Amino acid sequence: MRFRESVNIKSPKRHKLNVMENKKELRNWLDAFGLDHPLVIAGPCSAETEAQVLKIAHQLKDTDATVLRAGIWKPRTRPGNFEGVGALGLKWLQKAKEETGMLTTTEVANANHVDLALEADIDILWIGARTTVSPFIVQEIAEALKGTDKTVLIKNPVNPDLALWLGAVERFYTQDIKNLGVIHRGFSTYEKTRYRNNPEWQIAIDLQNKFPDLPLILDPSHIAGRRDIIHDLCQTGLDLNYDGIMVETHYDPDNAWSDAAQQITPATLVQMMKDLKIRKEEGTEVEYNNKLNTLRTKIDVIDHQLIESLGKRMKISDGIGELKAENNVSILQTKRWNEILGKMILEGEQNNLSEEFILRVFKAVHQESINHQKKVARS
């Protein structure tokens with residue numbers, strides 16, 4: 001007799017994410033704000049002192065920012081760095097809310113954090129990227145929040161895994177938490193790029209396409225890692241119909257206790273919101289242009305990925321060129337080239353791409369690869 005039969009274990013009912021599809025209720029918390037602009041969540045990376053939190057809150061209260069953010073517990077990659085002031089900072093957020101009327105939000109990483117945040121009546125809780133990767137911890141937090149009406153925003157996991165991101169959302173939804181949203185903060189990569197965390201826009205686009213009613217917030221600060229490209233990231237997010245932005249702001253960014261390089265001043269935030277092109281659907285022509293701009297932005301994202309992928313391919317070609325030169329092997333390998341071309345033609349057909357197009361593209365790619373290998377051989 002099998003073990004499952006001997007102890008009469010039944011497989012648990014599987015909750016599927018499709019129960020969230022076409023659920024307008026997911027947007028209720030966001031629609032309740034009645035904003036005529038994207039939701040803006042702003043504040044310091046870390047709550048440092050009571051005076052710092054209050055000063056930033058007062059500088060933000062008359063801006064487009066609706067929610068004041070501040071990290072109370074700061075999970076750092078390595079020990080020895082500033083890891084937050086802890087529960088003491090919750091009192092500072094409470095006081096900031098009393099004095100400015102702004103809503104408050106902070107990150108929670110375990111059930112104890114949840115209990116403390118609930119006691120302090122923090123309005124919105126967010127789940128960090130390091131937490132999202134652990135289904136056990138996510139489940140623990142979701143169960144601690146069951147029966148509350150708090151809004152929960154879930155950052156994408158550190159690694160580019162859409163299923164893991166959606167799985168975290170599912171765990172909260174199945175605990176009857178309906179005020180949900182996600183935060184796109186980019187993904188870690190071993191490769192050096194212009195970003196602290198590579199945006200991997202297509203993952204967020206896929207999520208948005210599958211669950212259009214799930215509010216999507218951009219965290220340009222953690223994607224950028226530096227303040228000079230935050231505006232451009234926000235514009236891309238808005239062009240892709242993101243519902244809001246979470247921007248780290250500090251009155252003295254260069255002297256912030258954590259992530260100084262990626263924070264902007266409240267004054268910079270005000271100017272950025274003026275400069276950003278925020279599209280509104282007010283008529284047929286405007287709606288057409290909005291949809292066209294969104295589709296074009298999606299193409300821009302994929303084009304950027306194509307260029308990056310081609311660059312990576314040519315680096316591999318450089319390596320092949322070095323290996324061939326060391327072993328006195330000719331650059332052109334006709335058999336290998338014909339094999340590649342045959343496979344790509346078949347894959348092209350499966351993706352509705354004509355043979356003529358595949359031939360043109362891969363002949364150009366092959367020629368560039370040969371040029372790279374020639375250059376390496378001559379050096």
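Are Trp201 and Tyr242 buried or exposed? Both Trp201 and Tyr242 are buried, where buried means under 20% relative accessible area, exposed over 50%, and partly exposed in between (1.4 Å probe, protein chains only). The model is predicted, so local features need pLDDT of at least 70 and side-chain atom pairs count only at pLDDT 80 or more, while totals for chains, interfaces and linings use all residues. Residues are numbered from 1 along each chain as its sequence is written, and side-chain values use heavy atoms, with hydrogens and water left out.

**Aromatic pairs and charges over rings**

The structure contains three aromatic pairs. Rings of Phe, Tyr and Trp (its six-membered ring) pair if their centres lie within 6.5 Å; planes under 30 degrees apart count as stacked, over 60 as edge-to-face and the rest as tilted. One of the pairs is formed by Trp165 and Phe187, with centres 6.5 Å apart and planes at 75°, so it is edge-to-face. Trp165 belongs to helix α8 (residues 162-173) and Phe187 to the loop between β6 (180-184) and α9 (201-210), 22 residues apart; helices (H or I, at least four residues) and strands (E, at least two) are DSSP runs, numbered from the N terminus. Trp165 and Phe187 are both buried. Trp201 and Tyr242 also make an edge-to-face pair, because their planes stand at 75°, with the ring centres 6.0 Å apart. Since Trp201 lies in helix α9 and Tyr242 in the loop between α11 and β8, this pair ties together parts that are 41 residues apart in sequence.

A charge sits over a ring if NZ of Lys or CZ of Arg is within 6 Å of the ring centre and within 35 degrees of the ring normal. The charged end of Lys55 lies over the ring of Tyr251, 4.2 Å from its centre, and that of Lys178 over the ring of Tyr173, at 4.7 Å.

**Salt bridges**

A salt bridge is a side-chain nitrogen of Lys or Arg within 4 Å of a carboxyl oxygen of Asp or Glu. The count by this rule is 13, and the table lists examples.

| Salt bridge | N to O distance |
|---|---|
| Glu50 and Lys95 | 2.9 Å |
| Lys150 and Asp121 | 2.9 Å |
| Asp254 and Arg227 | 3.4 Å |

The side chains of Glu50 and Lys95 meet in a salt bridge. Glu50 is in helix α3 (residues 50-60) and Lys95 in helix α4 (residues 88-100), so the pair connects parts 45 residues apart in sequence. Glu50 is partly exposed at 31% relative accessibility, as is Lys95 at 34%.

Lys150 forms a salt bridge with Asp121. Lys150 sits in the loop between α7 (135-145) and β5 (151-155), and Asp121 in the loop between α5 (111-119) and β4 (124-127). Lys150 is buried at 10%, whereas Asp121 is partly exposed at 40%.

Five of the five residues of β5 are buried, so the strand is largely enclosed by the rest of the structure. Thr151, Leu153 and Lys155 cover one side, and Val152 and Ile154 the other. Two strands pair if DSSP finds at least two bridges between them. β4 and β5 are parallel and paired over four bridges, with Ile124 opposite Thr151 in β5. Four bridges also join β5 to β6, again in parallel, and Ile154 stands opposite Val182 in β6. The chain passes from β5 through α8 to β6 in a right-handed β-α-β crossover, meaning that, with the strands pointing away from the viewer, the path from the first strand over the helix to the second runs clockwise.
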